[in-house]
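This briefing goes through one protein model by topic. Look at the sequence and the structure first, then read the points below.

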Amino acid sequence: MDTIAFIGLGHMGKPMALNLIKAGHALQVYDVLESSMAELRQAGARSFSSSAESVRGARVVFTMLPASEHVRQVYEGPHGLLQAVEPGTLLVDCSTIEAQVSQDLAAQAAQRGLAMLDAPVSGGTAGAAAGTLTFIVGGEAQALEQARPYLEIMGKAVFHAGKAGAGQVAKICNNMLLGILMAGTSEALALGAAHGLDPQVLSSIIARSSGRNWATELYNPWPGVMPDAPASREYEGGFGTALMLKDLGLATDAAVRQHSATPLGELARNLYALHAAQGNEKLDFSSILKLYRNRS
Ligand code: NAD
């Protein structure tokens, strides 16, 4: 049994931390929202009133925070984790943030003799609860091997993408493609439906033809085609439009930084921005279908 600190107990962090407890580890937790620590306490975790206190005596620290600014806030400054942790502690940030911020924090950690990994995840809240996440890791291979036993409790696939920040780059490449695929799938289904095709039949045709993709086969955006998809429960739950918009913004920033051309990624970002501005930011991202669907 190891002592593990877990900071950021939202939609993803809470189920991930619960899985570490179930595997027999001692959890020390912190979240700015006091209410989000209650369930963890009930499950046997010790909660603290600051992130700095929560990492005392921890062998490894996990963070699962919304965006770059929150991660900087938690790690940097006189009360930040980079100052607060004990020598030898392994730092693993699972948030999806700018690759540049992950690189910068890993460099600061290295200056203090600490190893830090960026380990963003794919698999959503269902994967976090089931312990089937995919971890996409950037950082030193040796640090990844230290983290692997814990990552394998929370996930079923662990990839080493490369050096610090590489996990973030790989994650946003995947999510940029996902955003494009979902918009393209919605466009194709809406075109077919406008011509009187049954979206269920059209989806079956695409699934056995050259346009097949994850969105049509496993996460269909048309209501009723897949009973378990968010589209069939009014786009509740799942992966929010606001989070997809954040990831597409990270992809755009990354493209600008390297002078890369991502015209489809940028178009997708604009489509999701328009969709979010129409009051859909809390709905699952497959609700982008609403932008295309004829009202008739
Ligand atoms: P969330 O907003 O539900 O949870 C974030 C938690 O961090 C909240 O409980 C918040 O109170 C806490 N927090 C914020 N600032 C803090 C601070 N300074 N100190 C301590 N706690 C603080 O977000 P989430 O859905 O759990 O997502 C977390 C990260 O995982 C994001 O980067 C997101 O992009 C990524 N992600 C989410 C999903 C998903 O389906 N929700 C899937 C893959 C990746």
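By the rule used here, the count of salt bridges comes to nine. The model is predicted, and every value below is computed from it. The protein is divided into two domains, domain 1 (3–163) and domain 2 (169–293).

**A salt bridge**

- Side chains of opposite charge can pair when their charged atoms come close.
- Lys 14 and Glu 39 meet in this way through their side chains, with 3.7 Å from N to O.
- Lys 14 belongs to helix 1 (residues 13–22), while Glu 39 belongs to helix 2 (residues 38–42).
- The two residues are 25 residues apart, and the pair links distant parts of the chain.

- The centres of domain 1 and domain 2, taken over C-alpha atoms, are separated by 29 Å.
- Twelve residues of domain 1 are in contact with eight residues of domain 2.
- The size of an interface is often given as the accessible area lost when the parts come together.
- Between domain 1 and domain 2 the buried area is about 790 Å², and carbon and sulfur atoms give 61% of that area.
- On the side of domain 1, the residues that lose the most area to domain 2 are Thr 96, Gln 100 and Ile 136, which together make up 44% of what that side buries.

**Polar and charged links between the domains**

- Zero salt bridges are counted between domain 1 and domain 2.
- Four residue pairs are in polar contact across the interface of domain 1 and domain 2.
- Helix 6 (99–111) and strand 7 (121–122) each supply at least two residues of the side of domain 1 that touches domain 2.
- That side of domain 1 is made up of eight nonpolar residues, three polar residues and one charged residue.

**Around the ligand**

- There are 25 residues around the ligand, and His 11, Met 12, Asp 31, Pro 66 and Lys 246 come nearest.
- The side chain of His 11 has an N or O atom 2.8 Å from an oxygen atom of the ligand.
- Val 32 has a backbone N or O atom 3.4 Å from a nitrogen atom of the ligand.
- Thr 96 has a polar backbone atom 3.0 Å from an oxygen atom of the ligand.
- Thr 96 is also one of the residues of domain 1 that lose the most area to domain 2.

Technical notes: Residues numbered from 1 in each chain as written. Predicted model: local features only at pLDDT ≥ 70, side-chain atom pairs only at ≥ 80, totals over all residues. Heavy atoms only, no water. Domains from an automatic or database assignment. Contact = heavy atoms within 4.5 Å. Buried area = accessible area lost by both parts, 1.4 Å probe. Salt bridge = Lys/Arg side-chain N within 4 Å of Asp/Glu carboxyl O. Polar contact = N/O pair within 3.5 Å; in protein donor to acceptor, adjacent residues only side chain to side chain. Helix = DSSP H or I, 4+ residues; strand = E, 2+ residues; numbered from the N terminus. Nonpolar A, V, L, I, M, F, W, Y, C, P; charged D, E, K, R; others polar. Near = heavy atom within 4 Å.
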